[in-house]
Amino acid sequence: MKHQNTSMPGLGMRLTPIASAVALAMLAGLPAHAQQAAAPSEGLERVVVTANKRVEKLESVPSAISVVNEAIIERTNIREIEDLVANTPALTVTAGSTSANNTINMRGIGTATVTIGIEADVAVIVDDIPIAQQFQAFKDLADVQRIEVLKGPQSTLFGKSAVAGAVNIVTKPISGPLAGKASFYLTDDDEWRYAVSYGGEISDTLGVRIAASRTRYEGNINNLTTGGKLNGAGGKTLMAKLAWHPLRNLDVTLSPNFNAQENTKGANALRGLVVNSPNGPVAVGLAGANPVNPLYLIPSGAATPANASTLNAIPASVALAGITPGPNNVDVRRDGPTGMNSTDRSVGLRVAYELDNGASLVSITSFSHYKSDDFRDQDFVDVPTVALPGSTKYAVPNDQGGTYDIKSRTQELRYVSPDAGTLRYVAGLWYAKNETDRFFKRGDCRLATCNGSSITSPVVYNTDVYNINKAVFGQASWDFLPTYTLLAGARYNTETSGYHFGRNYNTTVTPETFVAGARGVDYFESLGNKENKLTGKLSLSKQINNDWMAYATAATGYKGLAYGLLSTINTSSADPVRSETSRTMEVGVKANLFQNRMTVNATAFQTRFFNYQSSSTYTLPESTVILTQISSVPEVATKGLELDVNALVTRDLSVNAAVAYTDATVRNWAGGPCYNDGLNVAASPGAKYAANGSIIGRNASCFPITPGSTVGVQNLAGARMQSSPKVRVALSGQYDWRLASMPFDAFFTGNYKYQSDMMTVITQDPGFYVPKYSITDLGFGVRDKQSRYKISFLVNNVFDKHYATTGFSGAPTFRGATSAPVSTVTNTGISTWVPARDAFRFVSVRLDVKF
């Protein structure tokens with residue numbers, strides 16, 4: 001891949017990667033003022049978590065929790081949620097057509113969604129404040145102290161969106177005297193980051209912390225049209241904390257935050273074209289054989305223009321000029337952007353009052369306002385593909401996009417009992433109100449008679465959804481015998497939710513000029529839907545000896561009503577989709593061994609989900625238009641084994657290892673959606689059904705929903721859940737080389753991750769299959785004796801293994817033809833990929849300085 005020089009904002013010069021590394025190394029040698037670091041510990045760092053809304057040692061909590069601490073965050077250069085997933089085998093991400101459609105999966109379960117009407121299965125909480133819509137989590141993780149991955153239903157303490165688990169992000173606190181830290185990161189494929197933080201206790205009653213960061217990665221897909229890059233991301237973050245200690249037992253912390261994010265993710269590159277010829281499938285465009293010239297782009301969207309006899313298709317040699325389809329192709333042509341830009345402004349207020357008996361009263365208040373624009377080049381080429389009515393040539397591109405406007409308010413009141421004694425508990429009240437507005441536009445139609453059957457299947461909709469949650473919760477741990485502890489908790493949640501939805505098809509309208517169509521046809525609403533739910537948790541743990549603890553836990557989870565706020569909404573899909581629930585059983589052991597030189601966390605689990613809210617995406621036959629439907633799956637389940645081991649093998653060698661075996665499947669879904677089988681479309685021209693009775697153009701298991709119908713369903717019982725590999729492994733380690741005669745020490749690092757194959761859609765479409773892969777990173781660095789500065793180098797993906805984190809996600813529709821008119825075309829299969837961030841080898845250098 002060709003790499004451009006990197007320009008650092010605010011500096012009047014350009015730096016090549018090698019020159020940048022030298023500059024950083026020189027900077028590392030400059031004097032830095034910092035406190036003398038403590039002598040290296042002879043044991044592992046004691047890990048504490050707040051999974052039970054109180055500070056506890058990790059090995060004392062009877063629950064499966066993986067913790068990614070600051071050292072691992074720095075060693076593996078974690079910047080965002082996708083980077084976190086590589087280090088936490090229980091987590092995966094289902095990547096959508098844009099980052100607004102991304103979802104986090106826990107133990108193979110997560111609702112892939114493109115609608116604001118479905119909540120996430122995995123809650124994301126930042127400093128005790130949950131986010132409203134899950135895609136808000138796909139941004140820079142700035143100034144983070146640790147990330148707690150809480151596996152299994154967490155609804156008792158964290159609410160209804162934690163039906164499968166929760167990710168609890170804890171940022172760095174205000175502590176000690178005023179001090180600062182800065183970090184700089186640069187790669188040879190044009191990524192750069194810099195961050196600075198400064199804070200501490202100004203006086204006995206006042207403390208402050210400020211953190212700022214800026215990141216930028218252009219991407220690893222080449223846009224031949226513009227000369228730029230795609231599949232990248234960047235952002236800027238400003239965070240502050242102001243702590244006031246007016247009384248001996250009163251603490252007040254105000255935390256304003258700002259984040260601006262932009263990305264071009266979702267752009268996919270063409271890997272292969274296969275013509276369905278009379279002699280069988282034939283690959284085209286590879287190594288000069290079977291050139292793409294005989295293929296033609298079908299640019300008409302959902303339907304062929306009425307004037308098709310005079311309107312020729314576009315030769316693939318034009319639409320794919322300069323592109324050679326192949327397994328490692330990263331060249332595309334796009335005349336429109338794909339991605340998302342957002343801003344997030346929030347503020348949190350925490351007031352803690354300590355009672356004389358050691359208990360605490362805590363109030364946590366928050367408000368956030370998130371706004372974003374998302375956009376997608378829907379025809380995947382750089383030539384006009386839409387012919388306006390009455391025109392004899394293609395004049396405009398086919399694209400889509402919209403806006404999100406999300407406001408969230410939360411209030412929690414919490415009582416935390418003293419840590420001493422045989423009974424410890426937390427109890428609280430919760431209130432939250434989330435409001436999300438969405439404006440969306442797809443395709444192009446400029447007539448008063450526009451409708452969903454027009455070319456490109458145009459649509460414009462304006463919708464909003466709200467939910468108000470009130471809850472009372474509590475959880476207690478009772479040491480009823482010297483080595484036995486019983487934990488019990490419950491949450492009673494009441495939710496009120498609803499929506500408005502308006503639609504029309506004239507794509508010239510704006511949010512200000514939008515007017516919905518007739519009620520019951522293009523306007524729908526459902527307001528004041530109320531549901532009450534009780535969830536709980538029960539656990540018994542046994543302290544076997546000073547080193548080992550065993551536990552068994554049962555818990556239930558809940559996620560509220562869902563709404564199918566999609567472009568295809570109608571009277572049959574306008575009602576709420578049933579709420580989703582879960583039940584889990586988990587047994588595990590935890591150990592702290594060899595005088596705190598090794599920790600072990602092993603878990604076996606089984607969780608069942610009922611009325612699982614599924615969002616299935618498919619492409620219309622003979623079209624590039626991507627549509628989605630919402631379903632309620634009767635039952636899905638996940639079971640497996642997990643092992644986390646952290647060890648200080650020697651004084652200078654530390655190792656972190658995590659392994660997960662997950663078997664997540666559909667247990668009951670007789671009426672699942674079909675996928676399109678491209679090579680079947682032309683198998684029997686004019687026929688509706690294949691020889692086995694399945695519907696022509698769909699997969700061979702797709703049968704009519706009723707006799708004679710062209711609407712099909714398939715029985716998906718036993719199908720694999722989307723984005724759920726059975727085996728995942730994450731290993732990382734560091735060896736410190738102490739150089740007694742030098743003013744600095746050296747260190748060596750290594751990371752390894754493995755993932756078995758997976759499907760990225762629940763319909764089992766083979767076009768969305770992702771094969772297994774493994775990636776190895778190796779690095780080294782130096783730091784001074786007082787740890788005032790550290791410079792590290794990392795070779796990412798040492799063996800240059802190419803892989804994708806998601807399967808097919810839309811591509812131009814091509815057909816083979818003996819002549820140009822679209823009426824004579826035959827079918828062609830297509831495969832694409834979205835390369836992962838480290839799908840190609842790259843080298844990074846990082847400098848950390850304390851002052």
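## What buried means

A residue counts as buried when its relative accessible area is under 20%. Keep that cut-off in mind. Cys674 has 6% relative accessibility, so Cys674 counts as buried. The model is predicted.

## Two disulfides

How many disulfides does a search of the whole structure find? The search finds two. Number the bonded cysteines in sequence order, and the pairing reads 1-2, 3-4.

## Cys445 and Cys450

Are its cysteines buried or exposed? Cys445 has a relative accessible area of 5%, so Cys445 is buried. Cys450 has a relative accessible area of 10%, so Cys450 is buried.

## Cys674 and Cys702

The other disulfide joins Cys674 and Cys702. Here the sulfur atoms are 2.0 Å apart. The angle about the S-S bond is 90°, and the link is right-handed. This pair links distant parts of the chain, with Cys674 and Cys702 28 residues apart. Cys674 is in the loop between strand 36 (672-673) and strand 37 (703-704). Cys702 is in the loop between strand 36 and strand 37.

What about burial? Cys702 has a relative accessible area of 0%, so Cys702 is buried. Cys674, at 6%, is buried too.

## Positive phi angles

Now turn to the backbone. Most residues other than glycine have a negative phi.

Asp143 is not a glycine, yet its phi is positive, about 55°. Where is Asp143 found? Asp143 is in the loop between strand 9 (129-130) and strand 10 (144-151). Its relative accessibility is 14%, so Asp143 counts as buried.

Phe380 is not a glycine either, and its phi is positive, about 65°. Phe380 is found in the loop between strand 25 (360-377) and strand 26 (399-416). What is the relative accessible area of Phe380? The value is 4%, so Phe380 is buried.

Key:
Residues are numbered from 1 along each chain as its sequence is written. This is a predicted model: local features need pLDDT of at least 70, side-chain atom pairs count only at pLDDT 80 or more; totals for chains, interfaces and linings use all residues. Side-chain values use heavy atoms; hydrogens and water are left out. Helices (H or I, at least four residues) and strands (E, at least two) are DSSP runs, numbered from the N terminus. Buried means under 20% relative accessible area, exposed over 50%, partly exposed in between (1.4 Å probe, protein chains only). A disulfide is a pair of cysteine sulfur atoms within 2.5 Å.
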